[in-house]
Amino acid sequence: MNIGIIFQKQKKLEKYLEILLFCFDNNSENSKSYRDLCHNISLAYYYHNNYVESLRYNNLHFELCRQYNDYGN
């Protein structure tokens with residue numbers, strides 16, 4: 001995931017999103033990093049002006065945080 005952040009900083013958003021989706025697909029739903037990935041993927045889609053997908057991953061992030069009582073503490 002850290003490599004993805006490097007691509008984001010270099011404005012290579014396609015590669016950034018590709019890496020985030022790869023990590024998302026190969027992660028466990030009950031892990032904290034899965035919830036963080038949802039948030040980061042939401043932002044990546046937002047940067048691509050794909051607001052429908054951005055909202056989908058953002059809602060998933062909120063739902064998982066609520067499900068696991070993880071509110072950033």
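By a nonpolar core I mean a set of buried Ala, Val, Leu, Ile, Met, Phe, Trp, Tyr and Cys residues joined through side-chain atoms within 4.5 Å. Buried, here, is under 20% relative accessible area.

Please keep in mind that this is a predicted model. Mean pLDDT for the protein is 83, and 79% of the residues reach at least 70. Among the elements, helix H1, residues 2-9, has the lowest mean at 62, while H4 has the highest at 92.

Now the core. The largest one has 12 residues: Tyr-16, Leu-17, Leu-20, Phe-24, Tyr-34, Leu-37, Cys-38, Ile-41, Ala-44, Tyr-45, Tyr-57 and Leu-64. H2, H3 and H4 are the elements that give two or more residues to this core. Which of them gives the most? That is H3, with 6 residues.

One of the core residues is Tyr-45. Setting aside neighbours within four places in sequence, Tyr-45 is in contact with Leu-17, Leu-21, Asn-50, Glu-53, Ser-54 and Tyr-57.

Next, the loop between H3 and H4, which is where Asn-49 sits. Asn-49 is not a glycine, yet its phi is positive, near 60°. It counts as exposed because its relative accessibility is 53%, and the cut-off for exposed is over 50%.

On to helix H4, residues 51-67. Which residues of H4 are buried? They are Glu-53, Ser-54, Tyr-57, His-61, Leu-64 and Cys-65. These residues cover an arc of only 110° around the axis, so they lie on the same side of H4. The background is that an α-helix has 3.6 residues a turn, so residues three or four places apart point the same way. On the other side of H4, Val-52 and Leu-55 are exposed. The cover over the buried residues of H4 includes helix H2, 13-25, and helix H3, 32-47. After H4 comes Asn-69, with a positive phi near 50°.

Last, the cysteines. How many disulfides does a search of the whole structure find? It finds 0. For Cys-38, the closest cysteine sulfur is in Cys-65, 8.4 Å away, which is too far for a bond; a disulfide would need the sulfur atoms within 2.5 Å. Cys-38 counts as buried because its relative accessibility is 0%. Cys-65 is buried too, with a relative accessible area of 9%.

Technical notes: Residues are numbered from 1 along each chain as its sequence is written. This is a predicted model: local features need pLDDT of at least 70, side-chain atom pairs count only at pLDDT 80 or more; totals for chains, interfaces and linings use all residues. Side-chain values use heavy atoms; hydrogens and water are left out. Buried means under 20% relative accessible area, exposed over 50%, partly exposed in between (1.4 Å probe, protein chains only). Helices (H or I, at least four residues) and strands (E, at least two) are DSSP runs, numbered from the N terminus. The arc is that of the directions from the helix axis to the C-beta atoms. Contact means heavy atoms within 4.5 Å. pLDDT is the predictor's confidence in each residue, from 0 to 100.
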